Amino acid sequence: MKQSAARNEVIARLRGEILSSGGTVFSSYVNDHPDLGPLNKAFPGHCFPFRGTHEFISHTSETAAATLGFMAGLLSRIMKGPEMAVWVGAHRMLFPPALQTFCIVPDRIIFIDLVTEKEMLWVVEECLKCNALAAVVGEIPDVPPIALRRLQLAIEKSGVPCLLHRHRPRSVENTVCTTRWMISPMASLREAGLPGVGDPQWQVSLLKVRNGKPGNWPITWDGQQFQHGGSESTEQQNIYIKAG
């Protein structure tokens with residue numbers, strides 16, 4: 001049994017090294033990457049590209065709400081250990097207590113509210129250099145390519161992933177990010193015959209993934225993890241945005 005475990009560990013490490021040689025640095029151990037359920041097959045080696053920059057584009061308040069919900073689910077998959085995360089932005093749209101819907105204790109997130117994009121980019125980069133963090137989230141509309149390269153360099157040294165929410169960007173140019181996403185709201189998935197709000201659900205579009213397979217899926221958060229969705233209609237999910 002010990003020889004088998006040692007062999008599996010070597011195979012996992014080599015797989016990570018092979019994937020990183022393709023242009024993106026991935027976690028060296030299979031068990032280190034978060035499980036994204038039905039989304040896993042889109043990534044090279046079915047491993048989420050943990051050590052990378054992940055860009056989420058939204059253009060309306062409705063898609064911003066859906067994006068924040070999906071990002072919270074992704075963040076909960078990343079924050080499996082005791083490490084904390086940092087959330088940087090100018091106009092905080094997230095309602096922190098709603099993070100509990102995604103199994104995240106709000107006290108484990110350090111919120112930093114700034115004014116200019118230059119300040120936010122500097123703080124995000126500095127936070128990414130701290131390998132004691134689980135992840136860094138930045139709500140920054142426009143990120144120049146040279147800034148993205150600096151963020152990626154910091155990630156490759158620390159191993160801390162970066163999630164960037166670009167709400168109403170001035171332009172959507174070619175990106176050097178590891179992945180690019182667009183999330184659209186869908187009606188919550190309710191149990192048959194029961195009133196009220198059900199499980200959060202989104203139409204998830206993975207527009208770009210380096211060395212992987214982009215795609216489009218209806219995805220539901222069942223309270224613990226991502227699952228294939230079951231509803232095709234859309235509605236606003238403003239539970240993740242402060243009222244008013």
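Reply: Buried means under 20% relative accessible area, exposed means over 50%, and partly exposed lies in between, with a 1.4 Å probe and protein chains only. This is a predicted model, in which local features need pLDDT of at least 70, side-chain atom pairs count only at pLDDT 80 or more, and totals for chains, interfaces and linings use all residues. Residues are numbered from 1 along each chain as its sequence is written, and side-chain values use heavy atoms, with hydrogens and water left out.

Start with Phe70 and Trp181, which are both buried. They form a tilted aromatic pair, 5.5 Å centre to centre, with 45° between the planes. Rings of Phe, Tyr and Trp (for Trp, the six-membered ring) pair if their centres lie within 6.5 Å; planes under 30 degrees apart count as stacked, over 60 as edge-to-face, and the rest as tilted. Phe70 belongs to helix α2 and Trp181 to strand β6, so this pair ties together parts that are 111 residues apart in sequence. Helices (H or I, at least four residues) and strands (E, at least two) are DSSP runs, numbered from the N terminus.

A further pair is made by Trp202 and Phe226, this one edge-to-face, at 6.2 Å centre to centre and 65° between the planes. Trp202 is in strand β7 and Phe226 in strand β9 (residues 226–228), and the pair links these distant parts of the chain, 24 residues apart. Trp202 counts as buried because its relative accessibility is 0%. Phe226, at 2%, is buried too.

The structure holds 12 aromatic pairs. Phe70, Trp181, Trp202 and Phe226 belong to one aromatic cluster, which also includes Phe43, Phe48, Phe56, Phe102 and Trp221.

Now for the surroundings. Leaving out residues up to four places away in sequence, Trp181 touches Leu39, Phe43, His54, Glu55, Phe56, Ile57, Phe70, Val204, Ser205 and Leu206. Contact here means heavy atoms within 4.5 Å.

The next term is the nonpolar core: a set of buried Ala, Val, Leu, Ile, Met, Phe, Trp, Tyr and Cys residues joined through side-chain atoms within 4.5 Å. In soluble globular proteins, nonpolar side chains tend to be buried together. The largest nonpolar core has 39 residues, and those touching the most other members are Leu39, Phe70, Leu75, Trp181, Trp202 and Val204. Two or more residues come from each of α2 (61–78), β2 (84–89), β4, β6 (179–189), β7 (199–209) and β8 (215–221). Helix α2 gives the most, with nine residues. Another core, of 21 residues, lies apart from it and has Val88, Met120, Ala154 and Ile155 among its members.

Helix α2 is largely enclosed by the rest of the structure, because 16 of its 18 residues are buried. At 1.5 Å a residue, its 18 residues should span 26 Å, and the end C-alpha atoms are 25 Å apart, which agrees. The expected span is 1.5 Å times one less than the number of residues.

Ser58, in strand β1 (residues 53–58), is buried at a relative accessible area of 0%. Its side chain makes polar contacts with the side chains of His165, at 2.8 Å, and His167, at 2.9 Å. A polar contact is a pair of N or O atoms within 3.5 Å; within protein, one must be able to donate a hydrogen and the other to accept it, and residues adjacent in sequence count only if both atoms are side-chain atoms.
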